[in-house]
Amino acid sequence: MLAVLQRGERKKSGKLAFAAAFSLTTLTAEAATIKWTATHQGAQEVLPVATTASGSAVGTIDTDTRLLDWEIMWSGITSTVLGLHFHSPAPPGTNADVVVDNGALSGFGSPNVGSTTITSAQIADLLNGHFCINLHTADYSSGELRGQVNPIPVPIPEAMLLSGLALLAWIRRRPA
């Protein structure tokens, strides 16, 4: 379609592309709700645990209300679950303090579903990959499964602006 536009119409089209890209960046607010995931393995424990158990988790963090939601699942654990926690600040390979006692809030069943409010500093830790989930069992009291919490990236307005500018440059370089 762009190939058949007259030179004057191409300029108009370029201005429209730029206006569209600019309006997307100004109308798109940074997402207040960010999704995250985690995959639980014994190998992630500090010291690694040889277990066939595994698990996963999904959830969200609302940066406005500071509400952390989770659904944590596991299977194949060796013994009774004694504890289920979020720990922070916990980069991969490090231990950290308990910041959310999931078991106390929502029990020890799989799936474990719940929510709680966390601090702004804890949100920053979560978004920087410094949150983990730890499942403690009777056989492994320091933890049988650990999963690093990984936020799912969301498109940012600057990326949309750059895309719009690239489109504008492409339109302007096309031959008449």
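Guide: One term to begin with: buried means under 20% relative accessible area, exposed means over 50%, and partly exposed is in between, with a 1.4 Å probe and protein chains only.

Visitor: Fine. What kind of model is this, and how are residues numbered?
Guide: This is a predicted model, where local features need pLDDT of at least 70, side-chain atom pairs count only at pLDDT 80 or more, and totals for chains, interfaces and linings use all residues. Residues are numbered from 1 along each chain as its sequence is written, and side-chain values use heavy atoms, with hydrogens and water left out.

Visitor: How many helices and strands does the protein chain have?
Guide: The protein chain has four helices and nine strands. Helices (H or I, at least four residues) and strands (E, at least two) are DSSP runs, numbered from the N terminus. The order from the N terminus is α-β-β-β-β-β-α-β-α-β-β-β-α.

Visitor: How much of the protein chain is buried?
Guide: Of its 176 residues, 36% count as buried.

Visitor: Is W70 buried or exposed?
Guide: W70 is buried, and F86 is buried too.

Visitor: How many aromatic pairs are there?
Guide: Rings of Phe, Tyr and Trp (its six-membered ring) pair if their centres lie within 6.5 Å; planes under 30 degrees apart count as stacked, over 60 as edge-to-face and the rest as tilted. That rule gives three aromatic pairs. One of them is W70 with F86, an edge-to-face pair at 5.7 Å centre to centre and 70° between the planes. W70 sits in strand β3 (residues 67-75) and F86 in strand β4 (residues 81-87), so this pair ties together parts that are 16 residues apart in sequence.

Visitor: Which other ring does F86 pair with?
Guide: F86 also pairs with F131, and that pair is tilted: 5.7 Å centre to centre, 45° between the planes. F131 is in the loop between α3 (120-127) and β7 (132-137), 45 residues from F86, and the pair links distant parts of the chain. F131 is buried, like F86. W36, W70, F86 and F131 make up one aromatic cluster.

Visitor: Next, the core. Which residues have the most contacts inside the largest nonpolar core?
Guide: They are W36, L68, F86, I133 and V149, in a core of 22 residues. At least two residues each come from β1, β2, β3, β4, α3 and β7, and β3 gives the largest share, four residues. A nonpolar core is a set of buried Ala, Val, Leu, Ile, Met, Phe, Trp, Tyr and Cys residues joined through side-chain atoms within 4.5 Å.

Visitor: What does I133 touch?
Guide: Contact means heavy atoms within 4.5 Å. Leaving aside neighbours within four places in sequence, I133 is in contact with residues including W36, A38, I72, L84, F86 and V149.

Visitor: And α3, which residues are buried there?
Guide: Q122, I123, D125 and L126 of α3 are buried. They cover an arc of only 160° around the axis, taken from the directions from the helix axis to the C-beta atoms, which puts them on the same side of α3. The buried residues of α3 pack against β1, β2, β3, β5 (98-101) and β9 (150-151).

Visitor: What does the face turned away carry?
Guide: That face of α3 carries the exposed residues S120 and A121.

Visitor: Last one: where is V46?
Guide: V46 is in the loop between β1 (33-41) and β2 (54-62). V46 is partly exposed, at 31% relative accessible area. G93 is 47 residues from V46 in sequence and 5.9 Å away in space, C-alpha to C-alpha.
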